[in-house]
Amino acid sequence: MNPNNSQTLTANGQDLASSSNQTPGEDASAVLKPSTLVRNLKPPKPENAITIAVSARVLFNMEKEQQSYEQQGMKEYIKYQGEHETQPFSPGPAFSFVKALEAVNTRLRELYPESEELFDVVVMTNNQEYIDQRLINNINHHQLRFCMIEGNHTYHTNLYLSADPVKVRKALKEGIAAATMFTPEKITEVSETQLHVTFDGDGVLFSDESERIFNKEGLDKFLENEKTHENKPLGHGPLKGFLEALGKLQKKFYGKGQRMDCPIQTYLVTARDEGISGIRAKNTLQSWGLEIDKTYFLAGAPKGPTLEKIRPHIFFDDKMSHVEGAAKMGIVACHVPYGEANSESHKKGINDKETSPLPKVA
Ligand SMILES: [Mg+2]
């Protein structure tokens with residue numbers, strides 16, 4: 001499915017994974033079934049589920065609505081939403097990712113009908129003054145859970161995706177795997193049946209301890225350090241837990257003889273080289289008991305062309321330059337504002353890329 005195409009929404013409430021079975025003639029003018037406005041916004045999470053929280057603004061493209069709110073105020077916004085209550089939103093940057101999670105869930109339910117070890121997607125919004133019936137109709141249509149965040153509260157989850165870097169930083173500080181999601185101008189088409197998740201190494205899966213040496217003392221000292229500590233695992237980065245969660249679900253497929261046909265594929269795309277620095281990365285993953293399906297050691301080369309080949313549903317990096325490079329290739333890229341290079345003090349005096357026009361914030 002083309003994520004830029006709003007034909008993904010259907011009128012009969014079927015879930016995202018089955019939207020490829022849509023009836024002919026369904027199009028952007030499809031209407032949503034109005035749902036009862038329910039204030040029970042946080043139903044219990046299924047046991048052992050891997051929770052993925054996405055903000056409504058990254059799941060759906062609500063740019064027009066946002067503009068109406070910013071330019072005309074809340075009253076006009078409410079009026080506009082009321083008039084369009086049964087109209088689907090266009091897909092946002094997280095839409096294909098969520099759809100792929102649902103496709104994995106469908107396969108898991110076939111293999112393990114009794115198990116609740118699945119992805120559990122929760123749509124987050126912090127619109128406290130007004131509960132948007134149109135948004136609720138859209139969320140219910142896709143059979144997703146909904147959670148309204150109040151004040152500065154953080155929702156504990158295996159992964160949190162938002163367009164708001166302030167909220168993402170707060171979540172990271174609380175130890176939650178979190179990233180700021182950006183919208184490329186045109187999103188590259190991705191697989192509907194196999195989830196591709198791509199991680200950077202340092203500052204994402206790994207801590208930034210070695211990167212700090214590289215930044216302060218240069219390449220030679222960095223390589224010397226990696227050689228000396230070749231067998232000493234790197235510290236945990238903020239997304240390590242999410243890779244672990246993916247690995248747990250992958251093993252369920254392997255257990256049923258579906259290693260070759262596993263609907264979850266993980267990738268490491270790192271600026272490390274295949275030599276000394278790559279060996280430490282491999283040793284670290286091995287010591288954690290974690291597997292990556294495919295690793296690309298780029299030795300500092302741009303990541304965009306490799307990502308274009310992988311076509312990930314989501315790519316995580318702690319450097320905005322890589323996020324921007326990926327977005328230019330149409331990849332849905334997320335910034336992980338972690339480590340010294342992303343600290344507020346380090347950023348003083350340099351451009352805050354999070355507010356740069358490219359890629360635009362969802
Ligand atoms: Mg990095």
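Modeller: Start with strand S8, residues 195–199: five of its five residues are buried, so the rest of the structure largely encloses it.

Biologist: What makes a residue buried or exposed here?

Modeller: A residue is buried if 20 or more other C-beta atoms lie within 10 Å of its own, exposed if 12 or fewer, and partly exposed in between, with C-beta atoms placed from the backbone. This is a predicted model: local features need pLDDT of at least 70, side-chain atom pairs count only at pLDDT 80 or more, and totals for chains, interfaces and linings use all residues. Residues are numbered from 1 along each chain as its sequence is written.

Biologist: How do you know that both faces of S8 are covered?

Modeller: Leu195, Val197 and Phe199 are buried on one side. His196 and Thr198 are buried on the other.

Biologist: Which strands pair with S8?

Modeller: Strands are DSSP runs of E, at least two residues; helices are runs of H or I, at least four; both are numbered from the N terminus. Two strands pair if DSSP finds at least two bridges between them. S8 and S9 (residues 264–270) have five bridges, in the parallel sense. S8 and S11 (residues 314–317) have three, also parallel. Phe199 stands opposite Leu268 in S9, and its bridge partner in S11 is Phe316.

Biologist: Why is Gly300 called exposed?

Modeller: Gly300 has 11 C-beta neighbours inside 10 Å, so it counts as exposed. Gly300 is in the loop between strand S10 (294–297) and helix H10 (304–310).

Biologist: How does the span of helix H8 compare with what its 15 residues should give?

Modeller: The expected span is 1.5 Å times one less than the number of residues. For H8 (residues 240–254) that should be 21 Å, and its end C-alpha atoms are 21 Å apart, which agrees. The buried residues of H8 include Phe242, Leu243 and Leu246. The buried residues of H8 pack against elements including S8 and S9, where contact means C-beta atoms, placed from the backbone, within 7 Å.

Biologist: Which residues of helix H11 are buried?

Modeller: In H11 (residues 320–328) they are Met320, His322, Val323, Ala326 and Ala327. Seen down the axis, these buried residues fall within an arc of 160°, so they line one face of the helix. That arc is taken from the directions from the helix axis to the C-beta atoms. S11 is among the elements that cover the buried residues of H11.

Biologist: And what follows H11?

Modeller: Gly330, with a positive phi near 85°.

Terms used: Contact = placed C-beta atoms within 7 Å.
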